[in-house]
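Let's take a walk through a protein together, one piece at a time. Keep the picture open beside you and look for each part as we come to it.

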Amino acid sequence: KSFLYKWYSHYEKFNKLILPPSKKIISVALNYGWKVENIIKMCLPKWDKYDNLKLYDKDINHKSIFIFFTKRTLKDEKYISFEYINNILKILNNNTLEEELINNNISLYYCLHRSLSKFRFKIMKSNKKLVYINNNEISSAIIKSSLLVTDFSSIIFDFAYQGKPIIIYLPDSEDPEIKDIYDKDYYELINDIKDGKVYLENRLNTTDQVINK
């Protein structure tokens with residue numbers, strides 16, 4: 001830590017500083033003289049970890065899809081966006097998708113944030129190709145999977161590094177209560193993506209478009 005903090009003081013030598021979105025770490029940078037507008041908040045991928053996992057994963061050639069939507073910062077953790085969870089469930093419970101997974105022997109790995117765990121009972125149990133994974137299994141799923149479906153999770157960078165295709169979908173972009181549910185940074189980001197101010201390649205607008213793609 002002392003080594004990293006030493007570099008925080010070099011704001012006069014660099015234009016930008018990339019940091020994980022931790023209030024504690026960012027506050028240290030601010031104390032060392034950095035300005036908010038010169039700090040880029042981004043989860044830092046661990047690409048070397050994935051290169052090592054490839055050496056030991058015996059199931060790496062099995063076809064699979066990974067669905068993961070990033071955690072939302074809610075104003076009240078008890079108040080979930082039903083637009084968000086319902087659209088995720090529409091994908092996971094889609095009959096057409098289930099047929100495609102079975103016919104092509106493709107597994108679909110999905111991970112739900114703990115705030116959404118109470119909705120797991122609504123996911124189709126009959127679909128044997130749906131595989132729920134815990135947070136500590138995400139790295140392995142990133143290696144195994146051939147395709148990612150996400151919103152703006154930093155896992156995008158992990159798939160891009162491996163040259164794997166990515167589908168971008170915001171399950172709650174049309175939620176009329178988005179401003180009331182999420183912290184300011186989140187609802188402004190979602191609105192900026194929706195309005196085209198932030199460009200995400202291969203972004204789809206509906207669950208049907210995601211299934212068809």
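A residue is called buried when its relative accessible area is under 20%, exposed when that value is over 50%, and partly exposed in between. Keep these words in mind as we go, and remember that what you see is a predicted model.

Start with the overall picture. The protein chain contains ten helices and eight strands. Of its 213 residues, 42% count as buried. If you take the contacts in the chain with a separation of 6 or more, 59% of them involve residues 24 or more positions apart.

Now find helix α5, which spans residues 95-103. Which of its residues are buried? They are L97, E98 and L101. These residues cover an arc of only 100° around the axis, so they sit on the same side of α5.

Rolling a probe the size of a water molecule over the atoms shows where empty space is left. The second largest pocket in this model holds about 300 Å³ of space. Its lining is made of 19 residues, and those nearest the centre are I65, L97, L101, L147 and K213. So where does the lining come from? Four elements, β3, α5, β6 and α10, each supply at least two residues, and α5 gives the largest share, with four. Sorted by class, the lining has twelve nonpolar, four polar and three charged residues.

One of the elements that lines this pocket is α10, which covers residues 207-212. Let's stop at T207, which belongs to this helix. Is T207 buried or exposed? Its relative accessibility is 12%, so T207 counts as buried. Apart from neighbours within four places in sequence, T207 is in contact with N87, K90, I91 and Y169.

Our last stop is a set of charged pairs. Side chains of opposite charge can pair when their charged atoms come close. How many salt bridges does a search of the whole structure find? There are three.

K41 is partly exposed, with a relative accessibility of 49%.

Next comes the salt bridge between K194 and E174, where the closest N and O atoms are 3.4 Å apart. K194 is in helix α9 while E174 is in the loop between β7 and α8, so the pair links parts that are 20 residues apart in sequence. At 34% relative accessibility, K194 is partly exposed.

The remaining pair is E188 and K184, with closest N and O atoms 3.9 Å apart. Both belong to helix α9, and because they are four residues apart, about one helical turn separates them. E188 is partly exposed, with a relative accessible area of 35%.

Technical notes:
Residues are numbered from 1 along each chain as its sequence is written. This is a predicted model: local features need pLDDT of at least 70, side-chain atom pairs count only at pLDDT 80 or more; totals for chains, interfaces and linings use all residues. Side-chain values use heavy atoms; hydrogens and water are left out. A salt bridge is a side-chain nitrogen of Lys or Arg within 4 Å of a carboxyl oxygen of Asp or Glu. Buried means under 20% relative accessible area, exposed over 50%, partly exposed in between (1.4 Å probe, protein chains only). On a 1 Å grid over the protein atoms alone, a cavity is a set of points where a 1.4 Å probe fits but cannot get out, and a pocket is an open set with protein on both sides within 12 Å along at least five of seven lines; lining residues have an atom within 4 Å of a point. Grid points are joined across faces, edges and corners, and a volume is the space filled by probe spheres set on the points. Ala, Val, Leu, Ile, Met, Phe, Trp, Tyr, Cys and Pro count as nonpolar, Asp, Glu, Lys and Arg as charged, and the others, Gly among them, as polar. The arc is that of the directions from the helix axis to the C-beta atoms. Contact means heavy atoms within 4.5 Å.
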